[in-house]
Amino acid sequence: MKSLGKRIRVLDPLSVSGRQRVETFDLRDLILNTLEAHEAQFERHKINVKLSMSDDAVNVRSVKGMIVQILENLISNSKYWLDIDAGKQSGKKSTISISLLPSPPTIVYEDNGPGIAQENRERVFRSFFSLKEKSKRRGLGLFIARECASYVGGSLTLDPNPENPNGRLNRFTLELPLNTTK
Ligand SMILES: Nc1ncnc2c1ncn2[C@@H]1O[C@H](COP(=O)(O)OP(=O)(O)O)[C@@H](O)[C@H]1O
Ligand SMILES: [Mg+2]
């Protein structure tokens with residue numbers, strides 16, 4: 001019940017009215033709440049989450065629902081691809097790493113799954129681009145995530161220079177505009 005309550009609280013900003021509302025909030029809380037709602041799922045999928053953020057608030061003036069939607073789509077993709085990878089390489093520890101940088105407010109999101117081929121760096125953001133198995137393909141997650149980022153004046157990109165030894169890309173950067181209010 002507790003986690004259902006949390007989940008509803010997190011998803012509430014996605015309601016039609018919540019989606020449109022610009023407000024000032026601490027990005028750290030939004031990240032924590034979103035991750036908390038996935039706790040049981042992460043446990044089930046044996047996914048570790050590494051979180052790195054400062055002790056100071058990272059206040060942004062933005063639309064919560066849009067940022068939640070972006071994180072949800074990234075998490076949903078990570079779950080799928082980490083599971084695929086875990087199936088192939090038993091013993092590998094699945095990890096999602098999230099860092100929050102303050103200025104400009106930036107969320108750096110990565111997982112240690114199979115990653116994305118260099119040549120698909122831009123293609124993955126196109127509508128209906130998907131490399132999932134046929135029945136699970138939608139190809140809208142990253143397209144929508146990027147739309148949400150631009151709606152709030154930010155950008156969502158796939159980092160071209162991964163530290164990944166296999167050369168595949170696995171780091172998304174969501175950059176938000178600098179907060180203009182106090
Ligand atoms: N975390 C990830 N690891 C590996 N590949 C990914 C990841 N996230 C996205 N992708 C690639 O980007 C494609 C598009 O993702 P998305 O737009 O969410 O559509 P879908 O999830 O329906 O395939 C995926 O099919 C996959 O090829
Ligand atoms: Mg997806």
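Mentor: Of the protein's 182 residues, 31% count as buried. Keep in mind that this is a predicted model. The protein has six helices and seven strands. Along the sequence they follow the pattern α-α-β-α-α-β-β-α-β-β-α-β-β. Take the contacts with a separation of 6 or more: 73% of them are between residues 24 or more positions apart.

Now the ligand. Ligand 1 is surrounded by 21 residues. Asn77, Ser130, Leu131, Gly141 and Leu142 are the closest. Two helices, α5 (64-88) and α6 (141-151), each supply at least two residues of this shell. The largest share comes from α5, with four residues. Sorted by class, the shell holds nine nonpolar, eight polar and four charged residues.

Next, the backbone. Most residues other than glycine have a negative phi, and most peptide bonds are trans. Start with the loop between β4 (94-101) and β5 (106-111), where proline 104 sits. A cis peptide bond joins serine 103 to proline 104, with omega about 0°.

Lysine 46 belongs to the loop between α4 (39-44) and β2 (47-52). Lysine 46 counts as exposed because it has 12 C-beta neighbours inside 10 Å. Phenylalanine 128 is placed in the loop between β5 and α6. With 9 C-beta neighbours inside 10 Å, phenylalanine 128 also counts as exposed.

Technical notes. Residues numbered from 1 in each chain as written. Chains lettered and ligands numbered in written order. Predicted model: local features only at pLDDT ≥ 70, side-chain atom pairs only at ≥ 80, totals over all residues. Buried ≥ 20, exposed ≤ 12 C-beta atoms within 10 Å, placed from the backbone. Contact = placed C-beta atoms within 7 Å. Near = placed C-beta within 6 Å. Nonpolar A, V, L, I, M, F, W, Y, C, P; charged D, E, K, R; others polar.
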